[in-house]
Amino acid sequence: MSELSRRAIALGGALACAMSLAACGGDSTPETPGASGASPANDAGEPITITYESWGPTQESMDAVIDAFQAANPGVTVQASLLPYADYITALKTELASGTGPDVFEIQAGGALKEFQSLLTPVAEPVQEILGQDITQVYKQSALDQVSIDGVAYGLPNGFSSAGMLWVNNSILDEQGIAVPTSYDELVAACKKLREAGIVPVAIGAKDDWMLIDIFTSMSNAIAPGEQYAAQDSGGKWTTDGLIKTFDAFATMFKDGVAMDGATGAMTYSDTYDLYADGKAAFFTNGSWNQDMYVGAKDRIGAFKSSVILMPTISGAAPVTAGIGGIYAVNKNSANPEAALKLAYFMSAGQGAQIMIDGNLNFAVTVADITPSGELSEDAAATRAELTDQLNNNLAGYREVPDAGVKTALGQELIKLAAGTTDGKAAAEAVQAAADDQ
Amino acid sequence: MIRRQRAWNQSWLGYMFVLPAVVWFAVFLAYPLIRNVYISFFKWNGLTADIVWVGLKNYVWAFTNPNVLNASWNTLVFGVVTITLQLGCGFLLAVSLVGPGRTRQILRVLYFIPVVLTPTVVGFLFSQILEVNDGELVNFLKAVGLGQLAHPWLGDPKTALLMVCLVNAWIWTGFSMAIYQSAITSVPKDVIEAARIDGANSRQVVFRILLPFLRPTHWSLLILSVIGVLKTFDIPYVLTRGGPGGASDLLTTLLFRTGFEEYEQGRAAMLGTLLFVVALTLTIIQLRASGRDKI
């Protein structure tokens with residue numbers, strides 16, 4: 001190689017390296033792009049693009065929401081990205097930590113709200129200024145409480161849901177000559193008979209530990225009312241006799257063969273959703289959001305008769321817990337905060353909320369009730385009536401664990417109980433240790 | 001002064017040649033590593049600017065927390081089982097598939113296919129196969145009248161880690177096989193012929209000639225495998241998410257859970273630092289041992 005070409009290669013390498021570093025160094029132009037990377041909005045009404053990321057709603061509902069929002073807001077384009085929850089939250093954390101992220105995104109109430117708080121735009125004032133709405137008049141107070149920290153709302157609530165119930169495939173029970181169980185002993189007997197017939201008893205996707213937490217919270221409200229909330233909110237302990245009894249009752253449910261085999265292994269929420277929707281499971285632990293089956297999987301769930309009951313426990317039927325489905329948050333670094341806020345409100349309380357409730361049959365978070373506009377099947381209508389009744393008359397409390405570390409520890413201990421590798425006392429002590437660690 | 005100027009004139013080109021590599025190393029390796037160690041001394045949720053100095057608290061946590069100790073033990077078991085399987089089976093496959101022939105060629109390709117598959121896809125595939133209610137394996141067992149053998153392999157704490165080991169070994173055995181095959185071709189044929197003339201049978205040729213001759217290959221594969229084991233995340237995460245109840249939790253899955261579910265980035269960084277130190281130590285030990293062991 002000649003001296004000249006060697007020098008050319010060396011200089012080229014150094015130049016390429018310098019250029020790549022410059023590329024890593026960020027934008028040096030005066031007008032930096034917004035959080036979405038879109039053109040910033042300006043007063044001249046130039047087209048803008050805002051981004052939305054979440055784990056929901058379904059792509060079909062999302063497309064309808066986008067069409068309606070864009071029609072109502074000419075010049076604004078919405079780019080949406082939907083991912084399964086675990087993948088979504090990982091991607092979102094990475095994006096936000098690097099100072100970017102979507103203009104509007106959804107987070108869960110509870111622990112996640114605390115962690116994301118400083119990245120979110122407080123919404124009460126801008127909703128008043130931009131949309132002329134007083135959020136305290138628009139939303140139910142219980143919904144506002146779940147999007148607020150110290151009285152400041154950091155997002156707008158999405159759909160109200162109740163959790164901790166048992167969905168029933170009545171057709172399977174009828175075929176097997178089994179009555180819908182009204183007590184824990186009847187549930188155990190029914191599951192035994194179902195197993196003998198080779199039918200999946202209660203479908204639980206325990207790989208997603210939130211399913212177990214929902215069941216546990218409902219059970220604790222039946223067995224030790226108020227004690228879990230005391231441990232979560234007001235300095236109470238997880239190691240009370242009542243909560244240890246709840247942990248033990250939870251483990252017994254798995255020992256008694258109520259839950260499907262392998263619940264703690266490969267089964268996720270989606271797997272069990274499909275098992276139930278395909279008519280392969282007699283029961284399914286899930287919340288009111290499962291009503292979306294009557295829209296999204298109506299052909300499958302229409303093939304059998306379905307209903308919903310309260311979860312039978314050793315202390316009687318468990319009351320329901322309830323919470324908002326999520327929080328529509330506006331990125332503090334959004335370059336288009338006005339359009340972003342409009343989208344969040346549109347999905348939370350506007351026409352978008354109606355579209356989503358038509359798609360998932362969920363309950364409204366607004367004072368003015370939003371109900372499904374389409375005609376419901378007989379099963380869907382009866383189920384919705386039962387769920388509404390339980391929400392109005394048998395609500396024990398909220399369904400989220402406020403602290404992320406405690407939530408993870410609780411989920412892990414419940415999986416261990418389900419797998420039979422720990423007992424109630426040890427589980428309670430482990431969760432208490434996590435609470436002490438915070 | 002003149003001498004220094006002359007030296008620079010003679011050597012600047014050399015510096016220019018290594019500059020891209022040095023910058024790349026500094027930006028993409030050294031800085032993240034130092035930054036990771038730095039973060040491990042703080043309490044931070046990984047999102048906001050609120051970052052609190054906690055000194056060695058995260059390190060104390062790691063050495064006293066039962067979840068970390070459990071994940072460390074599982075990582076050790078996972079490493080021993082999976083490396084033994086993938087090196088042992090890879091060597092035996094390589095030996096048995098040496099030589100010409102269409103069948104051997106097809107088998108070599110088949111055994112290598114898992115290596116080029118995305119581990120996440122393999123994880124989902126085996127999740128479906130091993131599912132106990134409606135999985136392919138259970139359905140097959142039921143079809144041949146062996147339904148009583150159905151077992152929640154991924155849902156039983158006694159078998160979950162073993163399943164993760166087997167699936168991981170299934171993926172990487174083809175890689176070991178390919179490396180061994182390549183190495184076997186370099187073994188002098190006259191040595192093997194001499195052994196044959198001396199009356200060695202096939203088993204003796206494999207275990208007394210080939211096995212010792214391939215010692216550098218064993219070391220190379222061992223180093224690569226140990227580093228691979230310490231980095232393994234996708235297969236256990238997709239198959240079991242470290243469960244049930246931590247039964248198949250590795251340090252990597254625990255790191256992910258700590259950082260992304262518990263929002264404890266300082267502790268996650270501490271686990272990352274721990275993994276780095278372990279990987280570095282093991283690699284140095286192995287390199288020194290392999291250097292002493294050259295034939």
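This is a predicted model: local features need pLDDT of at least 70, side-chain atom pairs count only at pLDDT 80 or more; totals for chains, interfaces and linings use all residues.
Local features are reported at pLDDT of at least 70 and side-chain atom pairs at pLDDT 80 or more, whereas totals for chains, interfaces and linings use all residues. Residues are numbered from 1 along each chain as its sequence is written, and chains are lettered from A in the order in which they are written.

Chain A is divided into domain 1 (48-161 + 324-360) and domain 2 (165-317 + 403-437), with bounds from an automatic or database domain assignment. The centres of the two domains, taken over C-alpha atoms, are 30 Å apart. Eight residues of domain 1 and 10 residues of domain 2 take part in the contact, for which C-beta atoms, placed from the backbone, must lie within 7 Å. On the domain 1 side, helix 4 (111-116) and helix 17 (351-360) of chain A each give two or more residues; helix 4 has the largest share, three residues. Helices (H or I, at least four residues) and strands (E, at least two) are DSSP runs, numbered from the N terminus.

In chain A, the peptide bond from G56(A) to P57(A) is cis, with omega near 5°. P57(A) lies in the loop between strand 1 (48-54) and helix 2 (59-72).

Two non-glycine residues of chain B have positive phi: R241(B), near 55°, and Y263(B), about 55°. R241(B) is in the loop between helix 11 (234-239) and helix 12 (251-261), and Y263(B) in the loop between helix 12 and helix 13 (265-292). R241(B) is partly exposed because it has 19 C-beta neighbours inside 10 Å, whereas Y263(B), with 24 other C-beta atoms within 10 Å, is buried. Here buried denotes 20 or more such neighbours, exposed 12 or fewer, and partly exposed a count in between, with C-beta atoms placed from the backbone.

Definitions and conventions: Two residues are in contact if their C-beta atoms, placed from the backbone, lie within 7 Å.
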